[in-house]
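Let's take a walk through this model together, one element at a time. Have the 3D view open and follow along as the pieces are named.

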Amino acid sequence: MGLKEDKIVPGREERVAACMAFGGCASGIGKQDKICLKNNERGFSQAGLCQLLPTLGMLLTLPETAVIVHGAIGCGSTGFGMNTSIRLHHLLRGNPNAKDSLWFSTNLDESDVVHGGEQRLEETILAVNEKYKPKSIIVMHTCTPSIIGDDLVGVIEKVRPLIDTSLLYSHCEGFKTKVWATGYDVAFHAMVHGFIEKDKDGPPPKKEGRKPGERPIVNVINLASMGKPDEVELERLLNAIGIDVVIGPNFADRETIRRMTQADLTVSVCPTHDDYLVHYLNTEYGIPCVLKDMPIGLENTRRWLLDIAGNFGLENEALALIEAEEAKVKKGVEKYLPALKGIKVFLSAGEFRALVTGGLFQELGMEIVGLRSYHHDDFGTEFYDRLIEAQKGKDFPIDIANFQPFELVNLLKKVDPDLFCGHVFDNAWAARLGYPTITIFRIFDHYVGYRGFYEVAKKAVRNLRNHAFNAKLSQNVPEAYRKEWYEKSPFAYIKSEAA
Ligand code: SF4
């Protein structure tokens, strides 16, 4: 099976044996039996994340689209929180008049649960189309209609001929998977089926090879969380070695997404995020792919560029660029290195981003002393070993957890880092403990490539120099948990079959 054939996207537990609960040494994660890891659980869980959230986050990026959340009112409520970021993204992409994203809910109630919600969904699609005339309409099927057996595809096929707009749908019921990252696959599934496979013009034909002298075209799969400055940096680097790029599918329109079927290579920016779409383009359109690195830090950016260049015989051009860029950025960060040397850093983020950022920090002379990742799958395994090797075999604890702040706070107290680097909602917990914190990325900052390397170094030094706010905060807030909890292992509630 694959993206084209899948009627419903399989959970990542099944598709890539992803794991949501593990605590132990970084060196242990690659040695554990995959099946045992996949079945790990928690006896107590303080938080969770439904796959609808990343799906919604990605689909709301599509320009002039309307999202209809088919379900109870609460399911779509995160759409409010995403408005600011979506508007800011569009602003950075040159649209100063960007409006709030359009999202609706069918707001199913008790009566609908008894009588079914299909009619309400049909009416909502037609009303949204009539009133807002969006370029695409996306229906997100949540737990309630799935449990009562609403026929989502039946409604979509009935309505499709009645409206002249692209109609996308996604099965993103939270109860079907514990691995929130499945939501990426669900969003890709919706985009591909809506804009390519079931589009009114049908799927585009396969490209007939490159003509002599034609510059190669590469798909760069962007992330909903990736800022425009990072896209500009990647485009700059690839253009400099003679490669043109198509960036999508987030923030891309129907035409751009269809154009992605005509590229000469697909390149992931984050393998964990992209593999489902990359494999579709490979299987259905024969487009080769590079799916293993994230261009963050010098070594990873070097590998990323050389892998791409190797597909077109452009290795010499890539090497010349890499050497020039590395020389420039190393000179630029020289002034920051004394302040960063030997700093013990703790990372918290999605697995791949946390791991490659760890490599960047090591290149700046820092040491990784702990890492919390929101899930684990095989794409990350070798990167744990790389981090350990880079610090001469010094191992560090890791926590695979879909948030679970009680584990994070306990682990931080035991590890006691000099610097914490995570997403804003993680940083709040570290700030309460008084640690200097930096946000792993913000959409208006540079983070990838050479510009990112410089900016991250600068940001780390600035926060290490002045973290008085966090220090004061820690003196004025109570302990988050009882002292008995800190006497236990942070992983006390993780139930492992292997154990
Ligand atoms: S778990 Fe189900 S009910 Fe809860 S937010 Fe997700 S889709 Fe909605």
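Opposite Thr266 you will find Cys289 in S10. Before going on, please keep in mind that this is a predicted model, in which local features need pLDDT of at least 70 and side-chain atom pairs count only at pLDDT 80 or more, while totals for chains, interfaces and linings use all residues. Residues are numbered from 1 along each chain as its sequence is written. Helices (H or I, at least four residues) and strands (E, at least two) are DSSP runs, numbered from the N terminus, and two strands pair if DSSP finds at least two bridges between them.

On to the neighbours of S9. Strand S7 (residues 217-221) pairs with strand S9 (residues 265-268) over 4 bridges, again in the parallel sense. Here Ile221 stands opposite Ser268 in S9. The whole open sheet has 4 strands with parallel pairing, in the order S8-S7-S9-S10. Its edge strands, each pairing on one side only, are strand S8 (244-248) and strand S10 (289-290). Across S7, S9 and S10 lies helix H12 (residues 271-285), running at about 165° to S9. For such angles, axes are lines fitted to C-alpha atoms, for helices over the stretch in contact, and angles run from 0 to 180 degrees between N-to-C directions.

Now step back to the chain. Its domain assignment gives domain 1 (49-197), domain 2 (217-328) and domain 3 (342-495); such bounds come from an automatic or database domain assignment.

Let us visit the other open sheet, with strand order S4-S3-S5-S6. This sheet is built from 4 strands with parallel pairing. At its edges are strand S4 (102-105) and strand S6 (166-171), each of which pairs on one side only. From one strand to the next, the twist averages 20°. Strand S3 (residues 65-70) pairs with S4 in the parallel sense over 4 bridges, and the bridge partner of Val67 in S4 is Trp103. Helix H6 (residues 118-132) lies across S3, S4 and strand S5 (136-141), running at about 160° to S3. Helix H9 lies across S5 and S6, at about 150° to S6.

H9 leads us to some helix packing. Two packed helices are described by the angle between their axes and the distance between the axes. Helix H3 (residues 52-59) packs against helix H9 (residues 182-197) at an angle of about 40°, with the axes 7 Å apart. H3 and H9 are therefore oblique to each other; angles under 35 degrees count as roughly parallel, over 145 as roughly antiparallel, 65 to 115 as roughly perpendicular and the rest as oblique. In this contact, residues of H3 including Leu53 and Met58 meet residues of H9 including Tyr184 and Val186; two residues are in contact if their C-beta atoms, placed from the backbone, lie within 7 Å. The contact of H3 with H9 divides into 9 nonpolar, 2 polar and no charged residues. Here Ala, Val, Leu, Ile, Met, Phe, Trp, Tyr, Cys and Pro count as nonpolar, Asp, Glu, Lys and Arg as charged, and the others, Gly among them, as polar.

Where do domain 2 and domain 3 touch? Between them, 18 residues of domain 2 are in contact with 22 residues of domain 3. Helix H10 (228-240), H12 and helix H13 (298-310) each supply at least two residues of the side of domain 2 that touches domain 3. H10 gives the most to that side, with 5 residues. By class, this side of domain 2 has 9 nonpolar, 5 polar and 4 charged residues.

Follow H10 to helix H20 (residues 449-465): their axes come within 7 Å and cross at roughly 135°. That makes H10 oblique to H20. Asp230, Glu233, Leu234 and Leu237 in H10 meet Gly449, Arg451 and Gly452 in H20, and the residues of this contact divide into 2 nonpolar, 2 polar and 3 charged.

Our last stop is H13, which packs with helix H14 (residues 315-333) at an angle of about 160°, their axes 8 Å apart. H13 and H14 are therefore roughly antiparallel to each other.
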